[in-house]
Amino acid sequence: MSAPAISAAQSVGEYLQSPDDLAKVAAFRKKLEKEKASIDARLRSGVKEQLDVTRDGLRKLFGTRNNVQAIKDEMETVDRMCSDPKYVVSTFDQISRVSMVHRNFEQTEEMVNNLLEMNSKLEMIEQMLIEDSNDILGPAPNLLRIHFALNRLEAFRNQTMHQAKKSSADTRNTLTRWFERLTRLIEAFDEYVLDLARNILPIVRAGNPDVIVRLMKVVEMEAREDEKAIAIKLVKKVAKIDAASKFRSMQANARVIKHYRSKVMKCITDSIQAKFDEVYTANERNPAEFLDDLVFIYKDLIRIESDVVPCFPPSYEIWTTYVREYHKALNNTLTRLVKSEPEASVLLTLHAWIKEYKKSMRELNIPAELLEPPLLEGKEQSLIEDYLQLIIKKLDEWSENLMRTEVQAFTAREEPPEQTADGLYTTPGTIIFLDMVNQQVDLALDSNQGLVLARAVEEVNRVMRAIQDRWVKLVDTEFKKYVEKPEEVPGGLVEYCIALANDQIKAADFTETLSARIEPLVSDKYRATIHDRFNDALDGYLDVAKKYTQTLISIIFHDLKPATKQLFGPAWYEGTHSQIIETMRDYMSDYQAYLNESLFEVLLEDLLDTYLVTYLTALANGPKLNMPAATDRIRQDINDAYQFFGTYKKMKELEPQMEVLDQVLSMLEASKSLVFLSYWSFAKVHGPCIQFVEALMKVRNDLDRSAVSEVMDSVKRKVKDEGLTDPPEPTIMKKIVIQGALSRFLVRT
């Protein structure tokens with residue numbers, strides 16, 4: 001860096017830093033004047049030196065120009081004297097004609113001798129070529145001799161055919177036929193040279209690098225001959241007529257440009273791509289094996305650098321060529337692999353392989369600029385997205401195909417459901433689907449990327465929820481048909497609902513186990529998402545299982561509809577309720593045999609609730625009760641219910657649920673003045689329930705309207721005095737619907 005410029009004020013300030021320095025001003029001035037004079041003297045001397053140098057240069061320049069002009073004049077004189085020798089040499093025409101005749105005699109003699117000897121030479125060359133080409137891997141001892149002999153014969157052919165251009169067509173055809181054998185041999189040699197170029201690495205591996213050296217000598221010699229021929233053609237193209245006449249000897253050189261160098265380089269490129277294609281084709285059905293076999297890339301490049309590169313001239317930059325072409329061939333083949341839509345596991349393996357490839361090439365000290373274009377356009381990360389999309393695609397395809405089969409089997413119900421080893425009903429599709437989900441999640445796990453696993457779990461959740469919704473809608477549709485058009489519905493709806501309910505529990509257990517297995521394997525960032533999605537699917541399965549148990553109960557009470565309509569009517573006094581109990585017992589016997597134990601317990605609880613709601617609703621909305629026969633019948637009904645439900649539940653668990661019937665019976669049996677006492681024990685559990693109690697009092701035929709009013713007044717007074725409200729948790733009474741008078745009339749009619 002140059003020193004910063006110092007201003008005059010700063011310079012003066014360095015000397016005048018205190019008042020005492022003012023006395024030194026005169027001395028300081030003299031010092032500055034002396035420095036200025038010294039600088040001026042140096043500047044004048046420097047300017048003078050530069051002017052002297054410039055003058056000397058100009059003198060030399062003018063002298064050079066004069067010399068060039070003199071040389072030019074002399075050259076024009078020489079050219080003038082040489083351009084037309086007949087004016088200098090009086091006998092030049094005679095000399096020229098004699099020289100031409102002599103040259104023609106010599107050429108004719110040489111041509112005849114060459115034609116006579118050509119066949120014997122061709123036989124020798126053909127034999128050497130056969131010997132060398134029998135083993136393309138070498139040692140090719142005759143390569144240079146073949147090339148030298150063929151080159152001379154080819155030059156002879158070219159010169160002869162060029163001289164015959166002005167001959168008759170018959171003459172040219174005769175010469176063409178005469179040279180046919182030579183032409184075929186030249187083509188065979190050209191093909192042999194290209195075959196050698198296609199097998200450079202195998203030849204080196206066979207221990208014959210000297211073959212490559214000889215090959216390069218042939219290629220280089222032909223390249224030089226090509227350059228000469230091209231140069232001659234360019235000169236003749238741009239030269240004047242007079243100048244062209246000076247190259248009559250060159251016109252005989254009608255060489256066919258061979259482009260050996262470019263052809264050899266193309267063969268090298270093609271051989272590299274062919275090797276990749278061969279490996280790919282051999283493992284087309286096993287892409288993972290193909291990726292394993294690509295280890296040959298590193299072995300080849302190491303061998304090329306050590307043994308092939310020394311055989312080539314530096315101008316070929318053969319190492320760079322090989323690296324670029326190997327990389328391009330690899331890119332082409334990997335692109336082909338991806339376009340073949342391989343399995344998801346292959347995409348994952350490919351993603352890892354590309355990472356390892358980049359690392360290996362760095363270890364081989366291969367510059368990044370030689371590895372162009374980037375593999376798969378630099379979008380190898382998209383392999384993970386493709387991997388995920390393939391998982392999703394397979395999940396959707398398989399689940400759709402599976403559901404199509406399962407739905408068809410469910411709606412037709414031609415065969416009973418399959419049974420597990422425990423004798424429970426099941427459908428085969430569930431096991432297949434869960435195995436499929438497990439397989440796809442394991443594939444996502446193999447990616448070692450939490451994001452991929454989280455997204456895969458989200459898609460699994462989506463498919464699970466879609467299947468759940470589809471089954472719910474299908475079962476609702478089938479049940480609706482069962483109710484509205486039973487004659488059109490195939491049998492087995494109960495059995496298949498049991499099978500589907502069992503499958504939901506199986507799927508829920510699977511989902512919970514799967515979640516517990518993979519959650520510890522991911523970071524906190526994705527653990528919550530995975531947990532939430534699996535929990536959502538788990539809740540869905542449990543909800544659907546609950547829905548199916550409700551459907552099973554609905555089937556029971558649909559069959560019981562004629563009997564439940566008779567509750568508390570005339571037929572009821574004859575024991576209609578026992579039909580209800582027996583029907584439930586028949587259904588529950590089948591349910592218990594084929595339904596999951598946990599689901600059966602849930603179904604039992606719901607069945608008890610449904611029974612209580614049906615019974616109490618019918619009681620509150622029923623006709624007048626014949627007292628006391630009605631209470632006796634109700635007591636018998638309660639005993640039957642206890643006996644039936646007690647078969648499946650312990651009495652201490654059953655009593656709190658059945659207690660409401662005992663409490664209702666107590667209110668029906670109580671006298672007008674004591675109803676409020678029975679009511680109080682009921683209300684403490686279930687809340688006021690004024691509407692229900694009033695409906696209950698109205699169905700008693702032993703209480704007239706005024707008595708009912710008195711009872712209700714005492715009840716309402718008790719509720720008000722005690723500040724009674726609804727319980728914190730709703731009880732069974734919350735489900736009881738009291739109909740209006742018109743509704744009751746319509747139901748009865």
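How are α19 and α22 oriented to each other? I took α19 (residues 493-518) and α22 (residues 576-594) and got an angle of about 40 degrees, with the axes 10 Å apart. So α19 and α22 are oblique to each other; under 35 degrees would count as roughly parallel, over 145 as roughly antiparallel, 65 to 115 as roughly perpendicular, and the rest is oblique.

Ground rules for myself. This is a predicted model, where local features need pLDDT of at least 70, side-chain atom pairs count only at pLDDT 80 or more, and totals for chains, interfaces and linings use all residues. Residues are numbered from 1 along each chain as its sequence is written, and side-chain values use heavy atoms, with hydrogens and water left out.
Helices are DSSP runs (H or I, at least four residues) numbered from the N terminus. Axes are lines fitted to C-alpha atoms over the stretch in contact, and angles run from 0 to 180 degrees between N-to-C directions.

Back to the pair: the crossing of α19 and α22 is right-handed (near helix turned clockwise from the far one by less than a right angle; anticlockwise is left-handed). On the α19 side I find V494, I498 and N502, meeting Y587, Y591 and Y594 of α22 (contact is heavy atoms within 4.5 Å). The classes here are 5 nonpolar, 1 polar and no charged. Nonpolar covers Ala, Val, Leu, Ile, Met, Phe, Trp, Tyr, Cys and Pro, charged covers Asp, Glu, Lys and Arg, and the others, Gly among them, are polar.

Next I checked α14 (residues 318-339) against α15 (residues 344-363): about 165 degrees, axes 12 Å apart. That makes α14 roughly antiparallel to α15. Their crossing is left-handed.

Then cavities. On a 1 Å grid over the protein atoms alone, a cavity is a set of points where a 1.4 Å probe fits but cannot get out, and lining residues have an atom within 4 Å of a point. Points are joined across faces, edges and corners, and a volume is the space filled by probe spheres set on them. I get 4 cavities of 30 Å³ or more. The largest holds about 210 Å³; of its 17 lining residues, M403, T430, F433, I467 and W471 are closest to the centre. α16 (382-412), α17 (428-446), α18 (450-484) and α19 each supply at least two residues of that lining.

Terms used
On a 1 Å grid over the protein atoms alone, a cavity is a set of points where a 1.4 Å probe fits but cannot get out, and a pocket is an open set with protein on both sides within 12 Å along at least five of seven lines; lining residues have an atom within 4 Å of a point.
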